[in-house]
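Please keep the viewer open as you read.

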Amino acid sequence: MSQYKSDLLRLLDERGYIHQLTDAAGLDALAQRQVVPGYIGFDATAPSLHVGSLVQIMMLRRLQQAGHKPIVLMGGGTSKIGDPSFKDEARRMLTVETINENIASIRRVFENFLTFGDGPSDAIMLDNADWLDKLEYIPFLREVGQHFSVNRMLSFDSVKLRLDREQSLSFLEFNYMILQGYDFRELSRRAGCRLQMGGSDQWGNIVNGIELTRRMDGVEVFGVTTPLITTADGGKMGKTVSGAVWLNADALPPYDYWQFWRNTQDADVGRFLKLFTDLPLDEIARLEALEGSEINEAKKVLADHATAMAHGEQAAREAAETARKTFEQGAVGGSLPTLTVAGDGLGIVQALTVLGFAASNGEARRKIAEGAVRLNNVVISDPAFTIVLETDEALKLSLGKKKHGLLTRG
C-alpha cells in the first residue's frame with residue numbers, strides 16, 4: 001500500500017517513479033484539492049528524443065492519467081546554452097533554425113503519449129524561448145541574479161563533477177541553472193504551474209526554481225525526481241550496440257524499437273512494465289513471476305505495449321509479426337545463418353567474413369564504406385566497429401537486402 005493519499009502520488013509511487021520529493025505532504029494535499037499543472041523541460045538538441053527521456057514522458061502521462069495537467073516545456077531558449085549537468089564537456093552550439101526544426105520534429109512524439117487541448121487536464125506545449133529570448137541582461141541580473149548564491153551553485157553535484165575533474169565549465173553553461181529556475185517561476189505565473197518533475201540529475205535545478213519562485217512571488221511550488229533508470233547489469237537505459245534508441249519512427253524504425261524492448265534483461269521486465277506500459281499492476285505481477293523461457297512472453301508483451309504507445313497499434317503488430325518470422329521461423333526462403341559472439345565481442349569485418357557475406361576483409365570494408373552493412377537495420381559505417389552482446393539478445397547482421405544472419409551470445 002502506498003503511503004500517499006492523492007491519486008497522483010499513489011500512482012507515481014506504486015509504479016516506481018519517485019526518487020525525491022521536495023515536500024511530499026504539501027504536494028499530496030495539493031493534488032487532492034485541485035488540478036495540478038506540472039512540467040518537464042526537454043532541450044531540442046536532436047530531431048528526436050531517445051528512450052533515455054521516456055521515463056520523463058511517462059511521468060507526464062501519469063500526471064494526466066491522475067487528472068492533472070501536463071506542461072511540455074521545449075527548451076528553445078536553453079538549447080542555445082546546454083545543460084552542464086553531469087556532462088564531461090560542453091554541448092556543441094546549435095543554430096536557431098536547427099533548434100526550431102528539432103522542436104517541430106520532437107513535438108510529434110508527445111502527441112502519441114499525451115492528449116493536448118484546452119480542457120483542465122489537457123496537455124499544453126510551451127517554448128522557453130518565448131520569454132528567455134526577450135530578457136535584458138542588466139534587468140535580469142538585478143531582478144533574478146540576486147537570488148542565486150554562487151557558493152551554493154558550486155556545491156551542486158552537476159557542477160562539482162566538472163570542476164573536480166578540472167574540466168572546463170563555461171560561464172555560458174553556468175547560467176543554465178539560473179535560466180531553468182527562472183522557467184519554473186515563469187510557468188508559475190503564465191500557466192499556474194505548481195510542479196516540476198525530472199530525473200535525479202535535475203534535483204539542484206528544480207530546488208533552485210522552487211526557491212526562486214517562493215522568493216520572488218511568495219508562491220509554493222513542488223518538485224519530484226525519478227531514480228536513474230539503469231538495467232539490471234548496471235548499464236545505462238537505452239544504450240545498445242547499435243546506438244541510441246530514438247523515439248521518432250524516422251530516426252529508428254518501429255521494428256527496431258520493438259526489438260529493443262524484446263531484448264530486455266529478465267530481471268528488468270517487471271520494473272519496465274510498470275514504468276513504460278499502462279498494464280494493471282496485478283497483470284504485471286503475473287508476467288513478472290514467469291520463469292525460464294516463459295519470461296520471453298512477458299518481454300513480448302512489454303515490446304508490444306511500449307511500441308504501440310510510441311508508434312501505434314498497427315506498427316506494434318507489424319513489428320511483432322516481423323520478429324516472429326525473422327527470429328522464430330527464420331527469414332523468408334530459409335533459416336538464417338547464426339554466428340556466436342564471445343563475451344569480449346567480435347569485429348564487424350570479421351563477422352561479415354565468417355558468415356560468408358564477404359570473401360575477404362577488404363571486400364567487407366568496401367561494403368561497410370558503401371553503407372550496405374546494417375546491424376538490426378542500423379547502418380554501420382565504421383570498419384573498426386566491435387559487436388558486443390550484453391544480454392541474451394539476438395542481433396540481425398545484414399549485407400544489402402538479401403544477406404542476413406543472426407548473432408547470438410556465446
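## A helix under cover

Let's start with helix α13, where Val269, Gly270, Phe272, Leu273, Leu275 and Phe276 are buried, that is, under 20% relative accessible area, with exposed meaning over 50% and partly exposed lying in between (1.4 Å probe, protein chains only). Helix α13 spans residues 269-276 and is mostly covered, with six of its eight residues buried. Helices here are DSSP runs of H or I with at least four residues, strands are runs of E with at least two, and both are numbered from the N terminus. The cover over the buried residues of α13 includes α3 (54-65), α12 (254-262), α14 (281-288) and α15 (295-311).

A word on the ground rules: this is a predicted model, so local features need pLDDT of at least 70 and side-chain atom pairs count only at pLDDT 80 or more, while totals for chains, interfaces and linings use all residues. Residues are numbered from 1 along each chain as its sequence is written, and side-chain values use heavy atoms, with hydrogens and water left out.

## The cores and Trp261

Which residues have the most contacts inside the largest nonpolar core? They are Leu54, Phe110 and Trp261, in a core of 67 residues. A nonpolar core is a set of buried Ala, Val, Leu, Ile, Met, Phe, Trp, Tyr and Cys residues joined through side-chain atoms within 4.5 Å. A second, separate core has 27 residues, including Ile81, Phe156, Leu169 and Leu212.

Trp261 counts as buried, at 0% relative accessibility. Setting aside neighbours within four places in sequence, Trp261 has contacts (heavy atoms within 4.5 Å) with Val51, Leu54, Met237, Phe272, Phe276, Lys299, Leu302, Ala303 and Ala306.

## An aromatic cluster

There are eight aromatic pairs in the structure. Rings of Phe, Tyr and Trp (its six-membered ring) pair if their centres lie within 6.5 Å; planes under 30 degrees apart count as stacked, over 60 as edge-to-face and the rest as tilted. Phe260 and Trp261 form an edge-to-face pair, because their ring centres are 5.0 Å apart and their planes are at 75°. The rings of Trp261 and Phe276 have centres 5.1 Å apart and planes at 50°, so this pair is tilted. That pair links distant parts of the chain, with Trp261 in helix α12 and Phe276 in helix α13, 15 residues apart.

Phe260 is buried at 16% relative accessibility, and Phe276 is buried at 2%. Ring pairs join Tyr257, Phe260, Trp261, Phe272 and Phe276 into a cluster.

## Strand β5 and its partners

Is strand β5 (residues 195-199) enclosed or open? Five of its five residues are buried, so β5 is largely enclosed by the rest of the structure. Strand β2 (residues 37-43) pairs with β5 in the parallel sense over two bridges, where pairing requires at least two DSSP bridges between the strands. Leu195 in β5 is the bridge partner of Gly38, and Phe222 in β6 is the bridge partner of Leu195.

Strands β5 and β6 (residues 222-226) run parallel and are joined by five bridges. With helix α11 (residues 203-217), they make a right-handed β-α-β unit: with the strands pointing away from the viewer, the path from the first strand over the helix to the second runs clockwise.

## A look at Ser155

Ser155 belongs to helix α7 (residues 150-155) and counts as partly exposed at 41% relative accessibility. In sequence, Ser155 and Leu355 are 200 residues apart, and in space they are 54 Å apart, C-alpha to C-alpha.
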